Each structure stands twice: as structure tokens, then as C-alpha cells.
Amino acid sequence: MTEQAPQWGADSQPPQTPLAARRDGTSPVSPAIAKALVAVGAVVSLVSTFLAWTWTSSFPGDLSVTGYPGGNQVITLVVSVLLILALGPVYGVPGLRWLAPRGYVRLLRGLALANAVSTWYVLLAIAIELNGLANWVSGSWVAAIATLLPVAGSFLLPDDQRDAPPARSIPLWAQSAIILVAIILAMFIADYGITTGFTEEFIGFALAVGFAAWGLNASGVLARLTELTARNRIATSVAAFAAALLFVFLQTSDQYNTIADDILIFATVALGLNIVVGLAGLLDLGYVAFLGVGAYSAALVSGALSSRYAHTVLPFWGQILIGVSVSIIAGVIIGAPTLRLRGDYLAIVTLGFGEIFRIVVNNLNGQSGPDLTNGPEGVYGVPDLKLFGYDFGKNHQLFGVTFGKFGNYYLLLLVAMAIVVFIFARVNDSRIGRAWVAIREDETAAGAMGIHGYRFKLLAFGLGAALAGFAGTINAHLLNTVTPDQYLFSASAPPNSAFLLAAVVLGGMGTISGPLLGAALLYLVPAKFQFFQNKQLLLFGLALILMMRFRPEGLVPNKRRQLEFHAEEVAEAEAHEVVASEAPEAEAVA
Amino acid sequence: MTTLTTTEPADRVGTAVLEARGVTMRFGGLTAVDGVDLTVGDREIVGLIGPNGAGKTTFFNCLTGLYVPTSGEVRYKGAVLPAKPYRVTQAGIARTFQNIRLFANMTVLENVMVGRHCRTKEGLFSAIGRGPRYRSAERESRDNARELLDFLGIGRHANSLARNLPYGDQRKLEIARAMASDPGLILLDEPTAGMNPQETRATQEVVFKIRERGLAVVVIEHDMRFIFGLCDRVAVLVQGRKLVEGTPEVVRADERVIAAYLGTPYEDDAADRGAAGDGDGATVRAAGEDEGTAS
């Protein structure tokens, strides 16, 4: 197994002479000077973060303390450290060459830009918000100049982009360890983004992450990592789950858990929608209605104050059963007559259904319709969950960490998310998932292959509705109220049908990590850019247009599991299948 | 209706696999296929030729349930064929398409595994639960798919995306995908379109090999050398009607066939077009170049 084991690292490879570098003799300065510029700039900008960047503490984050980086200085500090690490492959430092399998120049450029842009953004913000360059102190000038040096140096270096050499093979435990470390790091980055206290910090953070990600992508290190995660899916899932758990243990208060909860709900529903849109190719513009159906069904039998059935209090599993069943029924009622349609017609009908749902629950108040949902006031007073004597509404001490209400729900939502990811992964990689993709690709040809198109489309619709209904039952308890206006087609904040679809399309259709990433971004960015207020949708639209122009396949493109069956031998494919379905130790045995 | 066995005992060579009786397909006033009879015996390779627009592909679509014939009857191994494509495949007739219709964004292996769909039954819950039966079924379809890819000589491409395959290999993949459903009869719609002579010859070998596996084959083609070197029997469709049927020698010698393809000097072209517009395909006109009547 070890000789077939996935590979990593390029340390054992002889250094390759990049074609571009050999051809390109036009650079005005010698590479040695350019490299030195980068190195000096990186070190000085690192030092500058320990200096004061302004004299007054009135700028958010307090950048006036010498010897202690604060606020945005931390971002510059981290990026500078990364930049110094990226000098490893430049100077051939052993053990660091894996950072740039496809060439280091673009990595340097990305990180240098990340450093310069985020630092300059803060420095300009200081100058503008505090009225004038006079608010810069010597530390600001040092940072401003030092962060520019690596940009100049890296762009003076000739491009050395090349094909990544074949990776060195490493043992399985090391692969798992690398995945774990990478995902925990990613979690820390996400945690930093979620817990940023003020807009300047978030923008600086977003700029740095964007440019650094571009550099890491161009250097090929992200591709290596993606390859690794695709080969070790069990390890990846476990690591992701562990990192998500770690997040809640890092929180000192419930303040940011609410954001995390909303992201998890949003991402779970987006993943459900991904079955309908990404796999089966059915454009559903009213998907949020199924979340609403689940939430209403569960709320009505949860013993909520304003519920018509307040005397009927079902246990949580009963509510889930009701919520999921009613959602499936709604899905079949909508799907059965409409799924014979193709393409745009279906989109229009689902759009209509989403609105019909909202208007109906708005009117089932006993006056304009039968008394069921309490009209616009909705079902309020949904009690907090109690599972096995664990009251989700109260504070709990777990391993020395206090879990408030939202921390409790975070744990529950994490489990719910894991269930949805599990179902998605299993169904995607099965006869049914293949049938869905075949229908998406060419319904006529799929029919000629013996696939009952209508039945499988209905199955996708029903499964999507079930998962949304499942998320809805938890959402009802999390929010304690269920009102019609939570389930709109379009609003300035998620979840709504437009944002759900955008999360799937932006993230990457047919993938698991895509909608999760898309949902996190689409939730976090509006939440952190509160000051845009009524221009949020405008920016959202602009972002979508740019995305479709420059990266139509989404942030995480679906490689349709090219790596999964990498080796030719059936035996290996089977080993992967065992890994995908059973215990990880099976691979070690094989 | 669909309780047909897919494999027949080998000693029943000569019995009809496919019997089409008086298949007629009308689109409004246009008769694209007009009372065509076709019988395909066990392990027989039947060619279907005719000028463009003669109704060959329409006839194929009638055989595979894509169209429901206006009148007439198609029997597969004695049973009347159901009217839905997926049921026809289930019954044992597989097909390829004239313009390649692969699942472009799936891997080659997955394409063939999709072809296996109607021979597997695993539902949603077994896909989530993954019991031993599910895994053995999945392994079986993967083995089957790999075997078929090797059979057609494209096994080395198993993991690339279908859209990245060279053109000739895409044609082969279509055949592999069709064969994955364990059919008793395979319908090939212009399998050598766009191929060079070497590739065409290789395709000929492939069709013979398919026959050796116990399948009957119906093939539409314009390449006469390919057809006459391959088929046991050739039927000629002109203007939706069957003009001639017989061994390659008989068809090749028939003057009407040559006339249908090349035209005859004395027939008036314009009169011919007018007649075709009326949907009157009753007389067998010897004039060629009647493209665009139907398909």
C-alpha cells in the first residue's frame, strides 16, 4: 500500500530549472537583489508591527502601543511571517520547498500583495478617519515602505511558473497529520474573521486572505492539499469536524456563536439545495420554503405558546419526523406536477411556490384563512430544546468552557451538518448520484441508459426538501420564533432562496466544501459590512457578476472525483471504496 | 411487459430478436417513416442505409421508445416494446446517438457505470447505509465497466473526463456505455461518422466482436464500404419507406439504390421536392438529394 500511497512534498526532487526563468533575461535588476528586497521588506514589516502606527488610541484596535501588535498589526505580522517562510523555497532552505511546487515567484507576489494591500489599507484608513497624514508616526512610515519592498522585489523577479513535479510519497499518518494541521489553521483563520471586532479589521483581514490565497493557489500548494484531502476523505471529515468543535471551545462568550449558528444553518440548507441544483441540475428558486415548512411543522408541535397545538408537545425526534415528513410531502406536491418540465419552467414554478408558501402562512390566521400559523405574528415562544436532560437554553460547563445557548445549539447544528454531509457524500457517490448527474448532463441520453428521469428528479427534490425540513426544525428552536418573513425569496441577509442559490453557485456546484465556503462568505461578508446597509444587494449582485465572469465553476470546482479512482487497478479502487465507507484502518491493512 | 430475459440460449440462433411491423411515424402531415418492416435475427448484423433525411434515425427513435410510432408494432424477443426509453433499455435494447451524447462532465468509468443503471436496483437507503449487498453491486458494476472499457480498448482513459477524450474514443465510449446495460440488441447510429479509414476499420472489428458476445446489431451508416463489409443484411430506407432489403451483394447490385443515392438523369428535381412537401411518400422516387424531408 505504501508505494501506492498518495504523495506529498517535493524535497527529494532535484531543483528544476524553470523554462520561463531561463528565457526571460529582460529583468532590470539581478534576481539576487530582487530576492534581497523581498527578504528585507518582509523582516522590516515584521518588525514594524511591534512599533506604534499612530499616536492616538482612537483608531479601532489601538495601534499606538509599541512592542505589542494589536488589531490590524496582527494581520501584517502573520502575513510577514508567511512571507519570510515563503523565502524558504527561494533560498532553497531544506524542509520548506514544499511551499512552492509550481514555482515561488507567484507565491511571493501573492503574499507581498497581501501584506502591502492590507497594511496600506489600514494606514490610509488611519489617515482618512483621523484626518490627515499627520496621524502617521514613524512606525507607520516604516510599515508603509517596508511592505512595498517585497511587492517591488517579487514583481522584478522573472515568473517561474512550471508544472508541479511529482510529489514525494509519505506515510498515511503524516498525510492525516498534514490535513489536520491545515484544517485547524483554516479554522483559526475563519475564527479570526468571524470574531473581528470592527470593520477596518475585517476588511484588512479579507484583503490579506484574498491575496494570500491567490499566491498559495498559484504556487501549487493548495492543489497539493486538495489532492491530499481528496485521497483521505475520512481523515478530512474528521479533521474538519474536530476543527469546528475547536472553534466553539475557543469562544469566550456567546457573542460570535450566534453568527456561527446562522452560518451552520445556512450552510446546511445550502448543501441540501446542492443536491437539487448541483447534482440533479434542477434550478430551484423557492428552496427556502422547505426550510419554512420544516420550521413551522416543528414549531406547531413543540409546545410553543402561540401554537394552535400548544397542548401537543412532541419530543425532538418526533418534531424532526414531522418537520421532515411535511417537507417531503410539500416537495412531492410541488415536484410531481412540475418535474416533467425542464429548465426554466421549473425555476419559475419553484419561485412561485416559495412565494405561495410565505403568503399562505401569512394568511392562515383565522381571519383570512383557517387558523393554523397565527398569521404575520408567526409561532413565537418556541421552547428551547431539551435532549437527554440537557437544556439548550441554559449555560453549561463542558471541559472548563461555558456554553451558552448559542454554544449549545452550535454543537447540535454541527451534528446536523455532519449528518447532511454524510448523506450528501454517500448519495453522491452511488448509483443514485450518478443517475442525477447523468440527468443533469443529458436527460435524453440518461433515459436511453435506462434511467427513469422523472422518478429520480422527484427523489432529488424530495431528499432536498427533507434535508431543508430537518434544518428547519432546529432553526425553529434556535430562533424561538417562526414568522413568514423569515422565508423570503430575496433579502439583504441570508438565509433566503436567492442567497442559498448563490452560496451553491459561488461555492461550486456538486461539491461539499463549495456550498459550505459559499455560505460562510455570503453570511459573513454582509454581517461584517453593516455600514453598507441598503447597498448590500447591489454589491452582492456585482460580486455575482464578477464571479460568473472570472470563475464560473465556483470557488471550489468540482473535479467529479477524478482523484478518487486514481490507480488503474480495481483492487486499489476497492480499497478506496472501503476507506470511503468503512473504517480508516482498513487501508492500513490493505 | 418488461419481464424479458436479456440473454437467450445460444442454440436459438436464427430466432428473431427484433421484429418491427409496419412502423409508421407521422409528424403532422409529414410521414417520416412509412410502414417499415424489419426483422433482426439472433447475432445478426443488419445495416440501415439511405440518403440523408430518409428516416433512419426516426426509425431508430421509434425502436427505442423515444418516439411512439403512429402505427405499427415493435416486438423484442416476442414481447411488444414499451413506449418509454428507459423501459426499452430495461427490456434489452441499447443504442448510441448520431451526435455523441456522452455525460461530458463525468469520468469515462462513471459513464459506463451509468449504463449499468437499469441492471442494478440499489435505492436511496442502501446508498446511505452501504450494506454488503450494496457494496457488492457497486463493485460488480465497476468491474463490468472496466471490462467493457478494456473490451473497447479505452481502459487507460477510465479516470479522465469524458469530454477530454479524443473523438474516436468518445464513439467507443458510447458503445461501451450502451453495452453496459447487457442488451440483446444494440443500435448504432452512425458509429463511424467523422472517423478516418483506420478508425473505421477498427470499428468494424469492434462490431464483429460485439456480435461474438451474443448481441444482435443494427447499424446506420453512410460509409458503404463499412456497411457492405460488415453486415449480414442491409435494408435501404428512402423517403421513409423500405426500398430494398437483402444481402450486401443484392443491395449493392440494385439499381434503385444507386439511383436513390446518386439520382437519375431523367427525373425532375423540382417535381420531386413538391411531392415530398405533400408528405406523399407512396411512390418510390428514384431521384436522390431529398435531404430535409424528415429526420
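Chain A of this predicted model is assigned two domains, domain 1 (2–242) and domain 2 (266–384 + 431–550), with bounds that come from an automatic or database domain assignment. Residues are numbered from 1 along each chain as its sequence is written, while chains are lettered from A and ligands numbered from 1 in the order in which they are written. As the model is predicted, local features need pLDDT of at least 70 and side-chain atom pairs count only at pLDDT 80 or more, whereas totals for chains, interfaces and linings use all residues.

Let us start with chain A as a whole. Its secondary structure comes to 22 helices and four strands; helices (H or I, at least four residues) and strands (E, at least two) are DSSP runs, numbered from the N terminus. Of the 590 residues of chain A, 47% count as buried, a term for residues with 20 or more other C-beta atoms within 10 Å of their own, the C-beta atoms being placed from the backbone. Among the contacts in chain A with a separation of 6 or more, 77% are between residues 24 or more positions apart. Here, two residues are in contact if their C-beta atoms, placed from the backbone, lie within 7 Å.

The C-alpha centres of the two domains of chain A lie 38 Å apart. Six residues of domain 1 of chain A are in contact with five residues of domain 2 of chain A. On the domain 1 side, α6 (172–194) and α7 (199–218) of chain A are the elements that give two or more residues, and α6(A) gives the most, with three residues.

Val288(A), Ala289(A), Gly292(A), Val293(A) and Tyr296(A) in α11(A) meet Phe353(A), Gly354(A), Phe357(A) and Val361(A) in α13(A).

Turning to chain B, its domain assignment gives domain 1 (15–92 + 183–295) and domain 2 (107–182). Between these, 11 residues of domain 1 of chain B are in contact with 10 residues of domain 2 of chain B. The largest share of the domain 1 side, three residues, comes from α2(B).

Chain B also has an open sheet of four strands in the order β2-β1-β4-β5, with antiparallel pairing; two strands pair if DSSP finds at least two bridges between them. The edge strands are β2 (30–41) and β5 (79–80) of chain B. Strand β1 (residues 16–27) of chain B pairs with β2(B) over eight bridges, and Ala20(B) has Leu38(B) as its bridge partner in β2(B).

Finally, the two chains meet: 31 residues of chain A are in contact with 36 residues of chain B. On the chain A side, α15(A) gives the most, with seven residues.

The table sets out residue classes; Ala, Val, Leu, Ile, Met, Phe, Trp, Tyr, Cys and Pro count as nonpolar, Asp, Glu, Lys and Arg as charged, and the others, Gly among them, as polar.

| Side or contact | Residues by class |
|---|---|
| Side of chain A that touches chain B | 15 nonpolar, eight polar, eight charged residues |
| Side of domain 1 of chain A that touches domain 2 of chain A | three nonpolar, three polar, no charged residues |
| Side of domain 1 of chain B that touches domain 2 of chain B | seven nonpolar, three polar, one charged residues |
| Contact of α11(A) with α13(A) | seven nonpolar, two polar, no charged residues |

Conventions
A residue is buried if 20 or more other C-beta atoms lie within 10 Å of its own, exposed if 12 or fewer, and partly exposed in between; C-beta atoms are placed from the backbone.
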